[in-house]
Amino acid sequence: MTSARVAGAPPPARGGHLPRLRPFRSWTLRSRVVLVVVAMLAVLGAVIGTVSVFALQSYLMQRLDAQLTSALVRGQHAADRINAGGPTVPQATEVVQTPGQPTGTLGAVRSSEGGLLFPPVILADRPSTATNQPLAPKAVTINGLALLSVPADETPRTVDLGEALGSYRVAAAQLSNGDSVIIGLPLSDVNATVARLTVVIVLVTLAGLVFAFLLASVVVRLAMRPLERVAGTAEQVSKLPLDHGDVALSVRVPEEDTDEHTEVGKVGSALNRMLGHVASALTARQASEQKVRRFVADASHELRTPLASIRGYAELTRRAPHELPPDVTRSLGRIESEATRMTSLVEDLLLLARLDEGRELDRDPVDLTLLLVDALSDAHAAGPDHEWVLDLPEEPVEVPGDAPRLHQVLMNLLANARVHTPEGTKVTAALRADADAGRAVITIADDGPGIPEDLQATLFERFARGDSSRNRATGSTGLGLAIVQAVVQAHGGEVTVRSIPGDTVFTVTLPLEATGSDPAAPSDADESVAPPTVSRPE
């Protein structure tokens, strides 16, 4: 069994995962522009920051290597002097204490056989209380293998001396006696400087991205306002009832948003031209519809008199004192019944034409309870083979309206349920008042075969008829439900249908309070015309 999902709702999460985000193409233009700008600035900031960090690191390394080369030359000269003075072997302490060696210099002497002659030492900083004392070397314990592997080619290399000392730039030089002197300078200052620069760049980039996001949001919002005004105009036009009635399409894009030198101005100008063409087409359509309505109204009005004459003469001839042949009597009866049917059709057309012209109906208090009782009684008399059920509230429900027209609505709906369903069908007429919504709700439900789904969309159109699944024993003009919709809409209400096999429900909602417009006075041309009635509801 499947269940329908509300349109526009996010898909349910599967397996406990969060629902997927909307794709980028479904974002608003404002969001996409801001995101692209911020993303470009982020990439640019990352590139600039990376290049800056590597450039600074390269510069500091080159400077440190230059210092290391100078320190190595001083240590090599000091060791060679000691070797030249006698059999004494230069110690690491003497190498690092050579004048000019920077603080933190690492020194060691490696024998020609490959081992360290003395433990490595580091030139420590002088005590703060004895500024005039020379720098004192300090022996350190490190992994000697790291120093033994450094070739004596005077090329600086980075060596990791363990957790205590960290990384050093180390270089080794050959002495005159075949031994090697090893000098190293710490990388801690270089690494600290690079790390500080990295943190500064990251913080400045983040702050710049936040500022760029806020600034881009404001700028894009201001830039998008003309487009929003154009979209607002289009949305306002989309809400106008352009499918019927006299439409005054006066909505246009503001003049300041129609400058064709800009992209938005081109869209606004094109939209205004399109609205002008649509307005012309609607005016032509309205003029054509007015001609058709006037023709239908005039033709219906003119046909009432000859139809009444036909009915009268047929009835007069049928009731003549002399006896008529049976075939003549049958023919006169058919003429009279068809004239009656034509009169009903003419009255329906005349009523629809008047409603199309916007003629106001009466706005007198109408008791829907009594109206529904009378209508159901008439329907029961016309269809005793159906089961009729009446569901009324305890209190009367009154609405402002035209009682004859509302009675016609109920009769048409009940007749529709009667003639389109088989014998024994249960038809329920219910009435309730929805005080919260300010509406009276009338429902006509039956448990008949239902209305085909493809017919429901055109059910209230004029001359729309059901197919064989709604078996009809008598002829139909197809105007009954069209009259229902026209009358209900003229009262400010709405009529809907919901149908599946075994459950068909027509729902009519009417406002409990008057809409505030007074009934229009009839024109001189209509003063002599009696209010139209429908003798046989459809």
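This is a predicted model: local features need pLDDT of at least 70, side-chain atom pairs count only at pLDDT 80 or more; totals for chains, interfaces and linings use all residues.
1. Five strands make up an open sheet, in the order S8-S10-S11-S13-S12, and their pairing is mixed. At the edges stand strand S8 (387-391) and strand S12 (494-500); each has a single partner strand, so one side of each is left without a neighbour in the sheet. On average, neighbouring strands here are turned by 15° against each other, if direction is ignored.

2. A helix goes with this sheet. Helix H7 (residues 368-382) packs on it and touches S8, strand S10 (426-434), strand S11 (439-446) and S13. If you compare directions, that of H7 makes about 175° with that of S8.

3. S12 and strand S13 (residues 503-511) run antiparallel and are joined by seven bridges. To find the pairing on your screen, pick Glu 494: its bridge partner in S13 is Thr 509.

4. Now to another part of the chain, and a residue worth a click: is Thr 233 buried or exposed? Thr 233 has a relative accessible area of 6%, and buried means under 20%, so this residue counts as buried. Thr 233 sits in helix H4 (residues 188-238). Once neighbours within four places in sequence are left aside, the contacts of Thr 233 are Val 251, Arg 252, Val 253, Pro 254, Leu 271 and Leu 275.

5. Finally, some totals for the whole chain. It holds ten helices and 13 strands. Of its 538 residues, 35% count as buried. The accessible surface of the chain comes to about 31,200 Å², and carbon and sulfur atoms account for 58% of that surface.

6. One last figure concerns how the chain meets itself. Take the contacts in the chain with a separation of 6 or more: 63% of them are between residues 24 or more positions apart. The contact between Thr 233 and Leu 275 is an example you can look up in the model.

Methods
Residues are numbered from 1 along each chain as its sequence is written. Side-chain values use heavy atoms; hydrogens and water are left out. Helices (H or I, at least four residues) and strands (E, at least two) are DSSP runs, numbered from the N terminus. Buried means under 20% relative accessible area, exposed over 50%, partly exposed in between (1.4 Å probe, protein chains only). Contact means heavy atoms within 4.5 Å. Accessible areas come from the Shrake-Rupley method with a 1.4 Å probe; for residues, only the protein chains shown count as cover. Two strands pair if DSSP finds at least two bridges between them. Axes are lines fitted to C-alpha atoms, for helices over the stretch in contact, and angles run from 0 to 180 degrees between N-to-C directions.
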